[in-house]
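Here is a short report on one predicted model.

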Amino acid sequence: MKVLVSACIMGTNCKYNGKNNKNLAVINFLKDKEVISICPEILAGMKIPRPCAEIVNGIVVDENGNDVNSEYNKAVSMALSKIQNEDIDLVILQSRSPTCGVNQIYDGSFT
């Protein structure tokens with residue numbers, strides 16, 4: 001089984017604040033699987049740490065009010081390009097992330 005996983009879940013310090021979202025339950029689940037660990041922000045060369053970013057009215061902006069939409073779109077495009085020819089069976093992504101967010105993203109209020 002081939003599984004795509006957000007790198008922060010695997011313990012890579014790639015979050016905006018330089019930390020991770022390491023999840024031991026996921027890591028243990030993946031022990032006998034083929035894992036593709038990915039962080040769109042790292043692929044796009046974004047610095048770590050970097051200002052927090054959220055989606056506001058469909059546009060990604062950082063906590064300082066800067067429009068960083070093009071950088072985040074580039075990050076997603078690079079990630080999709082990297083995995084487009086992979087036969088992935090399962091995807092485990094980090095909720096609330098501006099690039100990986102699944103089920104929920106931050107609302108743009110930076111609260």
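Met 1, Phe 29 and Leu 90 make a nonpolar surface patch of about 270 Å². Leu 90 belongs to strand S5, residues 90-92. Its relative accessibility is 31%, so Leu 90 counts as partly exposed.

**Helix H3.** This helix has 15 residues, 69-83. At 1.5 Å a residue they should span 21 Å, and the end C-alpha atoms are 21 Å apart, which agrees. Which residues of H3 are buried? They are Asn 69, Tyr 72, Ala 75, Ala 79 and Ile 83. These residues cover an arc of only 125° around the axis, so they sit on the same side of H3. The general rule is that an α-helix has 3.6 residues a turn, so residues three or four places apart point the same way. The cover over the buried residues of H3 includes strands S1 (2-6), S2 (34-38), S3 (53-56) and S4 (59-62). Helix H2 (40-43) is also part of that cover.

**Backbone exceptions.** Most residues other than glycine have a negative phi, and most peptide bonds are trans. Two places in this model stand out against that background. Ile 48 and Pro 49 are joined by a cis peptide bond, with omega about -5°. Pro 49 is in the loop between H2 and S3. Asn 57 is not a glycine, yet has a positive phi of about 50°. Asn 57 lies in the loop between S3 and S4. Is Asn 57 buried or exposed? At 79% relative accessibility, Asn 57 counts as exposed.

**Arg 50.** The loop between H2 and S3 also holds Arg 50. At 11% relative accessibility, Arg 50 is buried, since the cut-off is under 20%. Which residues does Arg 50 touch, not counting those up to four places away in sequence? The contacts are Cys 14, Lys 15, Tyr 16, Glu 41 and Tyr 72. Among these, Tyr 72 is one of the buried residues of H3. Cys 14 is 36 residues from Arg 50 along the chain, with 9.7 Å between their C-alpha atoms.

**Salt bridges.** How many salt bridges does the structure hold? There are four. The table gives three of them, including the one made by Arg 50.

| Pair | N to O distance |
|---|---|
| Glu 34 and Lys 2 | 3.8 Å |
| Asp 32 and Lys 33 | 2.7 Å |
| Glu 41 and Arg 50 | 3.9 Å |

Glu 34 and Lys 2 meet in a salt bridge. That pair links distant parts of the chain: Glu 34 is in strand S2, Lys 2 in strand S1, and they are 32 residues apart. Glu 34 is partly exposed, at 48% relative accessible area. Lys 2 counts as buried at 15%. Glu 41 and Arg 50 meet in a salt bridge. Both are buried. Salt bridges that share partners also join Lys 2, Glu 34 and Glu 86 into one network.

**After S5.** Gly 101 lies in the segment after S5. At 32% relative accessibility, Gly 101 counts as partly exposed. Leaving aside neighbours within four places in sequence, Gly 101 is in contact with Gln 94, Ser 95 and Arg 96. Ser 6 is 95 residues away from Gly 101 in sequence, but 9.9 Å away C-alpha to C-alpha.

How values were computed
Residues numbered from 1 in each chain as written. Predicted model: local features only at pLDDT ≥ 70, side-chain atom pairs only at ≥ 80, totals over all residues. Heavy atoms only, no water. Helix = DSSP H or I, 4+ residues; strand = E, 2+ residues; numbered from the N terminus. Expected span 1.5 Å × (residues − 1). Buried < 20%, exposed > 50% of the residue type's maximum accessible area, 1.4 Å probe, protein only. Arc of directions from axis to C-beta. Contact = heavy atoms within 4.5 Å. Patch = residues over 30% accessible without salt bridge, like charges linked within 9 Å, V, L, I, M, F, W, Y side chains within 5 Å. Areas by Shrake-Rupley, 256 points an atom, 1.4 Å probe, with all protein chains shown as cover. Salt bridge = Lys/Arg side-chain N within 4 Å of Asp/Glu carboxyl O.
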